[in-house]
Amino acid sequence: MTDQTDSIVLVAGGAGEVGAGIARAFLETGATVIVPSRSSDHLDDLHGHLESSGVATDQLTPLVGNIGQIDGAKQLRDTILEQFGYVDTVVASLGGPQPIDRLIDVPLEIWDQVIDNFMTAQFVAARTFLPILAERVDSTYTLVNGLSGPTGTIAAPAASLMAVASAGEHMLMHALAKDATEYGASVRINELVPLTPLITRSKTDTDPEWLPAEAFGSVAVALATDSDHHGETIGVYSRTDVRRWEEGSGEWTPV
Ligand SMILES: NC(=O)c1ccc[n+]([C@@H]2O[C@H](COP(=O)([O-])OP(=O)(O)OC[C@H]3O[C@@H](n4cnc5c(N)ncnc54)[C@H](OP(=O)(O)O)[C@@H]3O)[C@@H](O)[C@H]2O)c1
């Protein structure tokens, strides 16, 4: 695993199912890993989970705060800069499951919540932390998304609202990457998508063929140190089977 001992990494959503695996993968490289959460209980659960998995937590910095709101994100940014001075890598694994029945019956409040959790929180995190990353030479920003966004498919009717948000998040990644290129920011912005179900800490009924969240996280680590990718969607079957989504042909090609 790449040595990241001098890196300061922010895992937004790092107390969540997928985010915990990403935080773990970065901790295993020796990086300093900052995880914000709106809930101190979520952060305590993350800490307990990492310790019980045998992962050293001395480089973990949990911070209570809301990265999905303008003021909360600014407060987190100021605290992080005061404590560490810089950030090299942001991985944003925001969102969360919201199964629904028929889309047109969804109350507006649930619609707003899903758009807020997936797209607005991603946008607020990006607009707050991209200017900080732009001050570093080799910085990266990775959005974690579901498969629906890039491929334009809906896995099941219950996932249709999440698919709408996922498509918006996919275009957000492209828009942010285009902006960075247009305005001369050297930060590399990509999207990372699991191509197989993930084994996360709360899933009890899993299949050995599925991918552990920390293995998915290890690809986020690789992406943070690889200067070849910008404005791309990277899909992960396994640590060694990593693909790139080709928008034109609609295929996943090996990276
Ligand atoms: N779980 C899977 O198997 C799976 C598979 C494919 C793709 N994904 C994708 O992975 C991403 C994360 O999913 P997940 O299953 O890990 O979800 P999760 O367990 O609910 O975690 C999501 C995290 O996002 C944060 N968050 C959500 N809404 C927010 C908001 N409005 N403001 C600030 N923070 C917010 C939460 O932080 P707090 O701690 O503050 O609540 C939480 O830690 C999603 O894009 C999802 O589509 C997941």
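Predicted model: local features only at pLDDT ≥ 70, side-chain atom pairs only at ≥ 80, totals over all residues.
Helix 1 comprises residues 17-27 and helix 7 comprises residues 213-224, and their axes come within 7 Å and cross at roughly 60 degrees. On the side of helix 1, the contact is formed by Glu 17, Val 18, Gly 21, Ile 22, Arg 24, Ala 25 and Phe 26. Helix 7 contributes Ala 213, Glu 214, Phe 216, Gly 217, Ser 218, Ala 220, Val 221 and Ala 224. By class, the residues of this contact comprise nine nonpolar, three polar and three charged.

A second pair is formed by helix 3 (residues 70-84) and helix 4, whose axes come within 9 Å and cross at roughly 30 degrees. Since angles under 35 degrees count as roughly parallel, helix 3 and helix 4 are described as roughly parallel to each other. The crossing of helix 3 with helix 4 is right-handed. Here Ile 70, Ala 73, Lys 74, Leu 76, Arg 77, Ile 80 and Leu 81 of helix 3 meet Val 124, Arg 127, Thr 128, Phe 129 and Ile 132 of helix 4. This contact includes eight nonpolar residues, one polar residue and three charged residues.

The relative accessibility of Ser 139 is 0%, so the residue counts as buried. Its side chain reaches the backbone oxygen of Leu 133 at 2.8 Å. When residues up to four places away in sequence are not counted, Ser 139 touches Asp 88, Leu 133, Ala 134, Ser 186, Val 187 and Arg 188.

Another loop residue, Thr 196, lies between strand 6 (188-194) and strand 7 (198-199). Its relative accessibility is 18%. Because buried means under 20% relative accessible area, Thr 196 also counts as buried. With neighbours within four places in sequence left aside, Thr 196 is in contact with Glu 209, Trp 210, Leu 211, Val 236 and Tyr 237.

Conventions. Residues numbered from 1 in each chain as written. Heavy atoms only, no water. Axes fitted to C-alpha atoms, helices over the stretch in contact; angles between N-to-C directions. Helix = DSSP H or I, 4+ residues; strand = E, 2+ residues; numbered from the N terminus. Contact = heavy atoms within 4.5 Å. Nonpolar A, V, L, I, M, F, W, Y, C, P; charged D, E, K, R; others polar. Buried < 20%, exposed > 50% of the residue type's maximum accessible area, 1.4 Å probe, protein only. Polar contact = N/O pair within 3.5 Å; in protein donor to acceptor, adjacent residues only side chain to side chain. Parallel < 35°, antiparallel > 145°, perpendicular 65-115°, else oblique. Left-handed = near helix turned anticlockwise from the far one by under 90°.
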